[in-house]
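Here is a short report on one protein chain. Keep the sequence and the 3D view open as you read.

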Amino acid sequence: MTGPAIAVAGAGLRGTAYARRIARAGRGRVVAVAEADPARRARFAAEHGVPPELAFPGWREMAAAGRIADGVIIATQDAEHAEPAIAFAGLGCHILLEKPMATTEDDARRVVEAAERAGVMLAVCHVLRYTPYTRALRELIGAGRIGTPVSVQHLEPVGWWHHAHSYVRGHWRREDESGPMLMTKSCHDIDWLVHVMGEAPARVGSFGRLSHFRPENRPEGATARCLDCPVEASCPYSAKRLYLSCLGDPKMEVWPLGAVTHDRTEDGVLRALREGPYGRCVYGCDNDVVDHQVVNIEFPSGATGVFTMTAFAAAAPRQTRIFGTLGSVEGDGTRLAVRDFRTGGLEVIETETGTDPPPDGRHDEADEALADAFVEAIATGDPSALHSGGRESLASHRVVWAAERARRSGTVVELSLDKSPTDPPAKGTVLP
């Protein structure tokens, strides 16, 4: 196999998915892995033929070995994004960095500066930029089909069971261990709004809180774990129901079940729920991230936007409505319905071909497109294959941090206009 050599720091679901795509596409070579979990590290190394001397217990050990790859995928836990990114940039490795790029604004800026100083490419995994749907929507706006965008509504329906899995029982349940929900889950969406509207916000406000997944909302008679709970059968957040239902479904066995156990038997699942964090009652966990939030946005052009994230919905693709001076467009991640105000006509554009996208809002094809783009950029030395660089990602991350400041302080936060993204805006939008 030829092509750029790629190392992976963090062999969890994300790192494994990117590595598999690279190996299957045959455009690059997965040559090294850093992973703290010995069993996960061994599985990854066996799958990709990584020799023992290039299978490291952590990113520090891998960085100490020098520049062993042309590029590195950093898919460690959120709190360990910035330091490995800075270290591998210093070694001259191009970087594909899982979002969020860092847990603080200062660290995110340090990552960008380290990549610029080393002259390496830095791409943050804002995978929504890589879908056919996004390309079609940008082209539609750029062609002036709806005139100048004036306002936008964007919804992320996280899903009741997905939220319980990842943000109540899972790794992203606490701000001090990962970050606020708006960053760990929805920086995808804020970045996407910046990308589609073609300008970074000038002012933001936000409201949201942890309303439901709290001890005072525990049903009468509920116990600490689902397996011995007398009200489990009637609870929408039953871990037993969720994870046993994954058995026999290849995709669901990878996620969410893969985060719970690698023993894909009924006994294995029940053992994990009895002993591990994913069997806990959702009303008795140590979670503190919000379960619903809105962000109100004013762009420099005067356009406005509202983003809504909620746990209390079916897990589904994002839904968007953009209102322009000559028309409007509604989208669901696959289809675009375009209304022309001049004719009254409605056109429906199908942006996906072949298999239907996952109904739970996953972005498998976009993940693959991003992995392909990263390898292509390294192979050709041309960063244009990547839809955003470090500065663009830093700009959209800054919007998230500003929105969080607004939520906590009950104020409207202004962002300086000199931090706008540098990629060309879609035509039909107005920059300051």
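Predicted model: local features only at pLDDT ≥ 70, side-chain atom pairs only at ≥ 80, totals over all residues.

Six strands make an open sheet, in the order S3-S2-S1-S4-S5-S6, and their pairing is parallel. Strand S3 (55–56) and strand S6 (122–124) are the edge strands, and each pairs on one side only.

Now look inside this sheet. Strand S1 (residues 5–9) pairs with S2 over five bridges, in the parallel sense. Alanine 7 has alanine 32 in S2 as its bridge partner. Strand S2 covers residues 29–34, and five of its six residues are buried, so S2 is largely enclosed by the rest of the structure. Strand S4 (residues 71–74) and strand S5 (residues 94–97) run parallel and are joined by four bridges. Here isoleucine 73 has leucine 96 in S5 as its bridge partner.

## The nine-stranded sheet

A second open sheet has nine strands. What is their order? It is S14-S13-S12-S11-S7-S10-S9-S8-S15, and the pairing is mixed. S14 and strand S15 (413–414) stand at the edges. Each has a single partner strand, so one side of each is left without a neighbour in the sheet.

Helices lie against this sheet too. H9 packs on the sheet and touches S7, S9, S10 and S11. The direction of H9 makes about 155° with that of S7. Helix H15 (residues 390–409) lies across strand S8 (203–209), S9 and S15. Helix H15 runs at about 60° to S8.

## Strand S10 and its two partners

Strand S10 (residues 304–310) runs parallel to S7, and seven bridges join them. Valine 152 has glycine 305 in S10 as its bridge partner. Leucine 155 has threonine 308 in S10 as its partner.

Strand S9 (residues 292–298) also joins S10 by seven bridges, but these two strands run antiparallel. Glutamate 298 is bridged to threonine 304 in S10. S9 and S10 form a hairpin, with five residues between them. Glycine 302 sits in the turn and has a positive phi of about 105°.

## A buried glutamate

Find glutamate 156. It is in strand S7 (residues 149–157). Is glutamate 156 buried or exposed? Its relative accessible area is 2%. The cut-off for buried is under 20%, so glutamate 156 counts as buried.

Which residues does glutamate 156 contact, leaving aside its neighbours within four places in sequence? They are Lys185, Ser186, Asp189, Phe307, Thr308, Met309, Thr310 and Arg318.

## Helices H6 and H9

Helix H6 (residues 132–142) and helix H9 (residues 187–197) meet: their axes come within 9 Å and cross at roughly 35°. From H6, the contact uses Tyr133, Thr134, Leu137, Arg138 and Ile141. From H9, it uses Trp192, His195 and Val196. These contact residues divide into five nonpolar, two polar and one charged.

Helix H6 also has a set of buried residues: Tyr133, Thr134, Ala136, Leu137, Arg138, Leu140 and Ile141. The buried residues of H6 pack against S7, H9, strand S11 (319–324), strand S12 (327–331), strand S13 (335–340) and strand S14 (346–350).

Valine 194 is in helix H9. Valine 194 is buried, with a relative accessible area of 4%. Now locate valine 399, which is 205 residues from valine 194 along the chain. The C-alpha atoms of these two valines are separated by 9.4 Å.

## Empty space inside

Rolling a probe the size of a water molecule over the atoms shows where empty space is left. How many cavities of 30 Å³ or more are counted here? The count is two. The largest cavity has a volume of about 90 Å³.

Fifteen residues line the largest cavity, and the closest to its centre are Ala222, Cys226, Cys229, Cys235 and Cys281. The lining of the largest cavity divides into ten nonpolar, two polar and three charged residues.

Technical notes. Residues numbered from 1 in each chain as written. Heavy atoms only, no water. 1 Å grid on protein atoms, 1.4 Å probe; cavity = no way out; pocket = protein on both sides within 12 Å on 5 of 7 lines; lining within 4 Å. Points joined across faces, edges and corners; volume = space filled by probe spheres on them. Nonpolar A, V, L, I, M, F, W, Y, C, P; charged D, E, K, R; others polar. Buried < 20%, exposed > 50% of the residue type's maximum accessible area, 1.4 Å probe, protein only. Contact = heavy atoms within 4.5 Å. Pairing = 2+ DSSP bridges. Axes fitted to C-alpha atoms, helices over the stretch in contact; angles between N-to-C directions.
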